[in-house]
Amino acid sequence: MHFLKDRGFALPSAEITPKSVYEGRRDLLKLMATGVAGAALSSLAAREAQAQVVRPNKLAALPGARSAIAGGMTMEKLTPYADATSYNNFYEFGTDKSDPARNAHTLKTRPWTVAIEGEVKKPKTYDIEELLKLAPMEERVYRLRCVEGWSMVVPWVGYSLAELIKRVEPTGNAKYVEFVTLADAKTMPYVGSRVLEWPYVEGLRMDEAMHPLTLLTFGLYGEVLPNQNGAPVRAIVPWKYGFKSGKSIVKIRFVEKEPRTSWVKANSGEYGFYSNVNPKVDHPRWSQATERRIGEDGLFQKKRPTLMFNGYDAQVGQLYAGMDLAKFF
């Protein structure tokens with residue numbers, strides 16, 4: 001569970017008034033003071049209506065112990081649940097940010113298996129229930145930044161991917177980890193579209209995958225993942241752009257050569273394999289120096305400076321010592 005340490009008391013996040021409610025009311029009061037409340041009323045009503053569509057009922061609880069690893073619990077303000085689950089990139093369900101929340105109800109997350117293949121001594125196909133019990137769950141409050149220039153702060157639930165990797169015992173030939181996600185045209189209406197090559201594939205260098213911050217993720221906000229957020233299992237790599245964190249994973253392969261990932265195949269000049277958050281290396285079509293925090297996009301909110309490695313430089317910067325980060329982007 002998430003505990004608000006700096007205020008001298010501890011409450012589960014699920015028992016606190018949703019931030020989307022009180023923040024929306026606070027913004028409305030500000031707008032009333034400026035005489036433009038009428039325009040804000042329709043926007044606030046639409047946002048709260050969308051929250052009801054996204055979350056008609058609470059999902060199954062998935063608690064985790066508060067993480068003690070370095071960088072595992074940023075104390076920044078959380079993104080409201082309604083925003084974190086209604087503003088998503090999940091192209092299997094559409095390219096608009098609101099499409100996944102509308103369309104992902106068709107995804108079937110049971111039965112579900114994840115196959116471990118390639119350069120490992122103990123290849124195995126795990127049932128999702130077995131994966132859930134493989135290691136103790138932790139809550140990690142991570143920043144997550146999109147290459148498009150927006151960011152969130154979300155309490156994810158899972159355990160370090162390294163816990164799984166150690167159990168399957170990679171061989172000396174395993175230099176990279178490749179993630180293959182579900183591509184089921186029957187339950188994912190945009191699979192087959194020409195926007196990307198399917199299935200969606202992502203990858204990490206072995207030392208990146210083994211880093212304790214790399215999270216095999218099963219939940220958020222103390223509940224199981226909503227479909228639109230990558231249920232039932234996804235990766236979260238907090239110092240990289242969000243598209244590196246593959247959703248709805250069905251296969252994890254250990255390989256010797258750098259995987260040809262989906263966005264590298266689509267446009268290698270714009271989306272590099274490493275995809276570390278780096279404000280000094282712009283996307284060819286826009287700056288990466290600043291970002292917009294979702295849930296803080298009112299009239300009075302300015303963009304914030306983007307942090308090197310998304311603020312995780314102290315934890316992961318040594319992984320890239322001596323590398324030309326403009327070349328290996």
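This is a predicted model: local features need pLDDT of at least 70, side-chain atom pairs count only at pLDDT 80 or more; totals for chains, interfaces and linings use all residues.
Me: By relative accessible area, what do buried, partly exposed and exposed mean here?
Reply: Relative accessible area is computed with a 1.4 Å probe, counting protein chains only. Exposed is over 50%, partly exposed lies in between, and under 20% is buried.

Me: Is N310 buried or exposed?
Reply: N310 is not a glycine, although its phi is positive, about 60°. It is found in the loop between β13 (304-305) and α9 (313-316); helices (H or I, at least four residues) and strands (E, at least two) are DSSP runs, numbered from the N terminus. With a relative accessibility of 2%, N310 is buried.

Me: What is the relative accessible area of E169?
Reply: E169, also not a glycine, has a positive phi of about 55°. The loop between α6 (161-168) and β6 (176-181) holds E169. This residue is partly exposed, and its relative accessible area is 31%.

Me: Which loop holds P232?
Reply: The peptide bond from A231 to P232 is cis, with omega near -5°. P232 is in the loop between β9 (223-224) and β10 (234-236).

Conventions
Residues are numbered from 1 along each chain as its sequence is written. Side-chain values use heavy atoms; hydrogens and water are left out.
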